[in-house]
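Trainee: I have a model open and want to learn how to read it. Could you take me through its features?

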Amino acid sequence: MEFGEVIARRRTTRQFTGQPVDKEIIERIIDAGIKAPSFDHMRKWNFIVVTDAAVKVRILDTIKPLTCSIDEPNNPFQEMVKIAFPRQRSMFEEAACIILPLFKRDARIIKEEAFGRRFMDFAEIWCVIENIFLATTNEGLAYTMRIPTGKQPEEILTAAACPEGYILPCMIGIGHAAQDAEYPAQIYPKLSECIHWNKF
């Protein structure tokens with residue numbers, strides 16, 4: 001697949017077939033993730049890949065249902081809410097695997113007072129995650145993503161037997177998209193409206 005096509009086709013899916021994905025493909029996807037930029041060039045990220053049904057259940061038991069009262073969406077965000085909220089758990093149940101990308105706070109960055117550096121390790125892991133999204137798309141597969149809130153990150157990592165000290169920014173589901181998967185509309189600004197040459 002051409003890179004431009006990968007960019008154009010990348011989108012979050014919330015309905016999967018449940019069909020397995022080969023281990024080698026998952027490894028290629030994660031390998032693309034670890035090619036992301038790294039503050040110290042050490043790339044000390046870790047990934048828990050969950051394919052076992054029992055472990056998946058333990059993780060998904062931490063996810064509370066989200067209610068949605070939107071009947072007729074008026075914009076893409078409301079469309080997303082209507083599609084995503086009822087599927088917070090089922091989209092991961094149907095996915096072939098769950099990937100938990102992990103990192104530890106870099107002590108050198110924590111001590112930095114400048115705003116841009118204090119969050120550098122968070123920025124790094126999100127570059128990793130975007131690479132995973134693009135690599136998944138390039139493999140002809142689909143992904144979903146959920147950002148745990150409150151105590152959920154700790155509960156999820158406990159369910160996955162993760163040692164202490166790691167931070168979980170999100171959970172990623174990867175699999176084959178269902179043929180009837182629903183997607184909200186997307187709005188892309190005109191380049192002439194968002195690019196400012198030399199000054200705003």
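Trainee: How many helices and strands does the protein have?

Mentor: Keep in mind that this is a predicted model. The protein has ten helices and four strands. From the N terminus on, the order is α-α-β-α-α-α-β-α-α-α-β-α-β-α.

Trainee: What radius of gyration does the protein have?

Mentor: Set the value against a rule for globules. A compact globule of 200 residues would have a radius of gyration near 16 Å, and the protein's 18 Å agrees with that. The C-alpha trace spans about 50 × 45 × 35 Å along its principal axes.

Trainee: Which share of the residues is buried?

Mentor: Buried residues make up 38% of the 200. Then look at the contacts with a separation of 6 or more. Residues 24 or more positions apart account for 78% of them.

Trainee: Now the strands. Which residues lie on each side of strand 2?

Mentor: Start with the general idea. In a regular strand, side chains alternate between the two faces of the sheet. Now the case here. Strand 2 covers residues 97-102. Cys97, Ile99 and Pro101 are on one side, and Ile98, Leu100 and Leu102 are on the other. Both faces are covered, and all these residues are buried.

Trainee: Which strands pair with strand 2, and in what sense?

Mentor: Take the partners in turn. Strand 1, residues 46-50, runs antiparallel to strand 2, with five bridges joining them. Strand 4, residues 171-175, also pairs with strand 2 in the antiparallel sense, over three bridges.

Trainee: How many disulfides does a search of the whole structure find?

Mentor: Check the sulfur-sulfur distances. A disulfide needs two cysteine sulfur atoms within 2.5 Å. The search finds zero disulfides. Cys97 is in none; the nearest cysteine sulfur, that of Cys170, is 13 Å away.

Trainee: Next, the loops. Where does Gln15 lie, and what does Gln15 contact?

Mentor: For a loop residue, check cover first, then contacts. Gln15 lies between helix 1 (3-9) and helix 2 (23-33). Gln15 is buried because its relative accessible area is 11%, under the 20% limit. Leaving aside neighbours within four places in sequence, its contacts include Arg87, Glu94, His176 and Asp180. Glu182 is another of them. A polar atom of the Gln15 side chain lies 2.6 Å from the backbone nitrogen of Glu182.

Trainee: What does Thr62 touch?

Mentor: Thr62 sits in the loop between helix 3 (53-60) and helix 4 (76-84). At 7% relative accessibility, Thr62 is buried. Beyond residues up to four places away in sequence, Thr62 touches Gln152, Glu155 and Ile156. Thr62 and Glu155 are 93 residues apart in sequence, yet 6.4 Å apart in space, C-alpha to C-alpha. The Thr62 side chain also reaches the backbone oxygen of Ile59 at 2.6 Å.

Trainee: Last topic, backbone angles. What phi does Ala161 have?

Mentor: Ala161 is not a glycine, although its phi is positive, about 55 degrees. Ala161 lies in the loop between helix 9 (152-159) and strand 4. Its relative accessible area is 66%, so Ala161 is exposed. Asn198 has a positive phi of about 70 degrees and is not a glycine. Asn198 is found in the segment after helix 10 (191-194). With 85% relative accessible area, Asn198 is exposed.

How values were computed. Residues are numbered from 1 along each chain as its sequence is written. This is a predicted model: local features need pLDDT of at least 70, side-chain atom pairs count only at pLDDT 80 or more; totals for chains, interfaces and linings use all residues. Side-chain values use heavy atoms; hydrogens and water are left out. Buried means under 20% relative accessible area, exposed over 50%, partly exposed in between (1.4 Å probe, protein chains only). Helices (H or I, at least four residues) and strands (E, at least two) are DSSP runs, numbered from the N terminus. Two strands pair if DSSP finds at least two bridges between them. Contact means heavy atoms within 4.5 Å. A polar contact is a pair of N or O atoms within 3.5 Å; within protein, one must be able to donate a hydrogen and the other to accept it, and residues adjacent in sequence count only if both atoms are side-chain atoms. The radius of gyration is taken over C-alpha atoms; the globule rule is 2.2 Å times the number of residues to the power 0.38.
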